[in-house]
Amino acid sequence: MAAITLGNRLRPLAYLSPWLIGFALFFVYPLISTVYFSFQRYDLFTLEPVGLLNYRYFLQDEAAWTSIRNTLWLVVVMVPLRVVFGLGVAQLITRLKAGAGIFRTIFYLPSLVPLVAGTLGFVYLLNPATGPVQAILGTVGVRSPDWFGDPAWSKWGLTMLALWSVGDLMVIFMAALLDVPKQLYEAAALDGATGWRQFVHITLPVIRPVLMFAAVTGVIQTLQYFTQAMVAARVASGATDSAGSVFVPGYPDQSTLTFPEWLFHQGFRDFAMGYACVLALVLFAVSMVFTLILLRQFRGFGEEDA
């Protein structure tokens with residue numbers, strides 16, 4: 001009987017073993033290694049214990065704090081705008097009587113474009129000197145700002161790029177909106193509720209789980225924002241990979257320097273792997289904090305409605 005009981009207890013672990021092995025190899029081990037290397041001076045060739053030196057250097061690293069401010073700006077501004085814009089486009093398309101398929105395709109196609117190609121094209125389109133957008137605006141006497149060459153506008157340029165590729169969120173919101181029971185709208189209309197009140201008191205509560213998903217994934221993705229900022233800065237600055245040239249991310253004036261960019265620069269350009277591990281741990285901790293706060297807030301909203 002004891003052997004059977006032990007077997008019953010071990011059977012679930014056997015079923016979970018592929019996931020447990022993958023979790024241990026690809027999450028637990030890298031996390032422990034990152035913590036270990038964060039206390040070392042490590043450049044892929046030498047390993048020297050330095051205690052808390054890397055952490056003290058982080059507190060004094062102005063570029064790191066600049067990248068944190070830029071990344072938080074993107075989280076606070078870009079994520080809500082993407083959610084609101086994606087929900088607005090989805091709401092509009094689901095209410096169209098004709099041409100919904102055409103507009104759905106138009107808004108969704110940019111999200112299929114590879115990140116590098118999309119960023120290159122977007123920077124070219126908005127180039128104030130040679131871009132077609134300025135050529136069109138110039139015919140009516142309007143001068144567009146230097147979206148990716150002016151520190152005051154560079155983050156807004158990245159935000160416009162994010163809104164241009166909002167098709168992925170749009171499709172998710174469309175599925176959620178179409179799943180809202182029509183009877184609720186009909187009952188609300190009979191009670192004299194306006195369209196805005198129906199949206200606030202019916203649509204938003206029903207699609208709350210989808211909103212939570214969009215907010216959490218949007219924050220995590222923005223905290224890891226790398227490719228678009230790096231490519232846009234390279235193209236706008238005219239940097240090349242010729243011999244002897246070194247590209248420092250963040251053009252112009254570190255206004256587009258994100259935290260993952262600085263982590264990459266420290267680890268794979270300066271080969272300060274120990275310090276890069278400190279940055280990675282900070283990014284992990286901040287991502288966890290943001291995720292827990294968002295989950296708590298959405299759960300709180302659900303309890304209030306209940």
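How many helices and how many strands make up the secondary structure of the protein? The secondary structure comes to 14 helices and two strands. The model shown in these figures is predicted.

**Figure 1. Overall dimensions of the protein.** Along the principal axes, the C-alpha atoms fill a box of roughly 80 × 75 × 30 Å. The radius of gyration of the protein is 24 Å, whereas a compact globule of 306 residues would have one near 19 Å. Of these 306 residues, 36% count as buried. Among the contacts with a separation of 6 or more, 66% are accounted for by residues 24 or more positions apart.

**Figure 2. The largest pocket and its lining.** The volume of the largest pocket is about 550 Å³. Its lining is formed by 30 residues, of which Arg82, Ser165, Asp168, Gln221 and Gln228 are the closest to the centre. Two or more lining residues are given by each of helix 3 (62-95), helix 5 (115-125), helix 7 (154-164), helix 8 (167-178), helix 11 and helix 12 (227-237). Helix 11 supplies the largest share of the lining, namely six residues. By residue class, the lining divides into 17 nonpolar, eleven polar and two charged.

**Figure 3. Packing of helix 10 with helix 11.** Helix 10 spans residues 195-206 and helix 11 spans residues 208-223. The two helices pack at an angle of about 65°, and their axes lie 4 Å apart. On the side of helix 10, the contact is made by Leu204, Pro205 and Val206, and on the side of helix 11 by Arg208, Pro209 and Leu211. Five of the residues in this contact are nonpolar, none is polar and one is charged. Helix 11 is also the helix that gives six residues to the lining of the largest pocket.

**Figure 4. Helix 12 and its buried residues.** The buried residues of helix 12 are Gln228, Ala229, Met230, Val231, Ala232, Ala233 and Arg234. These buried residues pack against helix 5, helix 7 and helix 13 (259-269). Gln228 is also among the residues closest to the centre of the largest pocket. Gly238 follows helix 12 and has a positive phi, near 75°.

Figure 5. Leu158 is found in helix 7. Is this residue buried or exposed? Leu158 counts as buried because its relative accessible area is 1%, and the cut-off for buried residues is under 20%. With neighbours within four places in sequence left aside, Leu158 is in contact with Met78, Phe148, Tyr225, Gln228, Ala229, Ala232 and Thr256. The C-alpha atom of Leu158 is separated by 28 Å from that of Gln60, which is 98 residues away along the chain.

Figure 6. Strand 1 covers residues 40-42 and contains Arg41. When neighbours within four places in sequence are left aside, the contacts of Arg41 are with Thr46, Leu47, Glu48, Val50 and Leu53. Arg41 and Arg9 are 32 residues apart in sequence, and their C-alpha atoms are 45 Å apart in space.

Terms used:
Residues numbered from 1 in each chain as written. Predicted model: local features only at pLDDT ≥ 70, side-chain atom pairs only at ≥ 80, totals over all residues. Heavy atoms only, no water. Axes fitted to C-alpha atoms, helices over the stretch in contact; angles between N-to-C directions. Contact = heavy atoms within 4.5 Å. Nonpolar A, V, L, I, M, F, W, Y, C, P; charged D, E, K, R; others polar. 1 Å grid on protein atoms, 1.4 Å probe; cavity = no way out; pocket = protein on both sides within 12 Å on 5 of 7 lines; lining within 4 Å. Points joined across faces, edges and corners; volume = space filled by probe spheres on them. Rg over C-alpha atoms; globule rule 2.2 N^0.38 Å. Buried < 20%, exposed > 50% of the residue type's maximum accessible area, 1.4 Å probe, protein only.
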